[in-house]
Amino acid sequence: GMYLRGSLYEQATKRLDQALALEPEARRWMLLDDADDRLTRVYIARGRAMFHHGRLDEALADLRKAQSLATHLGNPKLKSKAARHLGTLLRNVGRHQEEAERQLRDAIRWAEDAGDETLLADPVYQLGGVLWGQGNLDGAERCWRRALDIATRMKDLRCQGLGWNGLGILALCRGRALEARKNIERSATIFEELGMLDRLVISRINLIELYLQMGLLKKALMLSD
């Protein structure tokens, strides 16, 4: 988990593969539900790592295994996490956007059923991305503002960064360059503080494009370097 949060995907993959190799032996000494719970979490984490390695088929297979286990367990929190990561993967690789939307809406519903707001901000943000891709800017804005409100209440800095980035992109789409710059710069600052290199790169790329549109060529060049 620590490696994934720090975008250290090579190290994360090694640890996760070690965990999967040890799992059959460890399972003998655990209650069945506890073993399946931990295996579900390992498959979710490995699916995330495989996505960042560009091994998309493996990522999809791992997350579908996680979802199958979570469904068998009937744990709404695990079901929400598996659906969120599966929906996010499908959205990011441009595959099956209808399924991506369904998975993310399921993730939101199961998080609400579990009464756990800490699980809500991310799938709400990702659903906003799906709606934005469909050209539904009002729907995207509702999602991104809700995600930001939840993340602020929960003190979830990662999702706050996502929310500000989303609202920045939305402002850019509506021609509000100054608002877009403020929001995306705020997002980049959060991700830099958290050491989340993958998200920081995305926010900085958005800023470079924005600076170019605003004619701030020196700032765009400095940031690209």
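Mentor: Let's go through a helix, some salt bridges and the nonpolar core. Before that, residues are numbered from 1 along each chain as its sequence is written, and side-chain values use heavy atoms, with hydrogens and water left out. This is a predicted model, where local features need pLDDT of at least 70 and side-chain atom pairs count only at pLDDT 80 or more, while totals for chains, interfaces and linings use all residues.

Trainee: Okay, how many residues does helix α10 have, and what span does it reach?

Mentor: Helices (H or I, at least four residues) and strands (E, at least two) are DSSP runs, numbered from the N terminus. The expected span of a helix is 1.5 Å times one less than its number of residues. Helix α10 covers residues 177-194, so 18 residues, and reaches 26 Å from first C-alpha to last, close to the 26 Å expected at 1.5 Å a residue. After α10 comes Gly195, with a positive phi near 75°.

Trainee: Which residues of α10 are buried?

Mentor: Buried means under 20% relative accessible area, exposed over 50%, and partly exposed in between (1.4 Å probe, protein chains only). In α10, the buried ones are Ala180, Asn183, Ile184, Ser187, Ala188, Ile190 and Phe191. They sit on the same side of α10 because they cover an arc of only 160° around the axis, the arc being that of the directions from the helix axis to the C-beta atoms. Here's the general idea: an α-helix has 3.6 residues a turn, so residues three or four places apart point the same way.

Trainee: And what's on the face turned away from the buried side of α10?

Mentor: That face carries the exposed residues Leu178, Lys182 and Glu193. The buried residues of α10, meanwhile, pack against α9 (157-173) and α11 (197-214).

Trainee: Can we look at one residue of α11? Where is Leu210, and what is it in contact with?

Mentor: Contact means heavy atoms within 4.5 Å. Leu210 is in helix α11 and is buried, at 0% relative accessible area. Leaving aside neighbours within four places in sequence, Leu210 is in contact with Leu172, Ala177, Ala180, Arg181 and Ile184.

Trainee: Next, how many salt bridges does the structure hold?

Mentor: A salt bridge is a side-chain nitrogen of Lys or Arg within 4 Å of a carboxyl oxygen of Asp or Glu. The structure holds 19 of them. Take Lys77 and Asp116, whose closest N and O atoms are 3.6 Å apart. Lys77 lies in helix α5 (residues 76-92) and Asp116 in the loop between α6 (97-114) and α7 (121-133), so the pair ties together parts 39 residues apart in sequence.

Trainee: What about Glu141 and Arg174?

Mentor: Their side chains meet in a salt bridge too, at 2.7 Å, N to O. Glu141 is in helix α8 (residues 137-154) and Arg174 in the loop between α9 and α10, so this pair ties together parts 33 residues apart in sequence. Glu141 counts as buried at 19% relative accessibility, whereas Arg174 counts as partly exposed at 28%. Salt bridges that share partners also join Arg64, Glu99, Arg102, Asp106 and Arg109 into one network.

Trainee: Last one: how many residues are in the largest nonpolar core?

Mentor: A nonpolar core is a set of buried Ala, Val, Leu, Ile, Met, Phe, Trp, Tyr and Cys residues joined through side-chain atoms within 4.5 Å. The largest here has 37 residues, and those with the most contacts inside it are Leu120, Val124, Leu127, Trp144 and Leu167. Helices α6, α7, α8, α9, α10 and α11 each supply at least two residues of this core.
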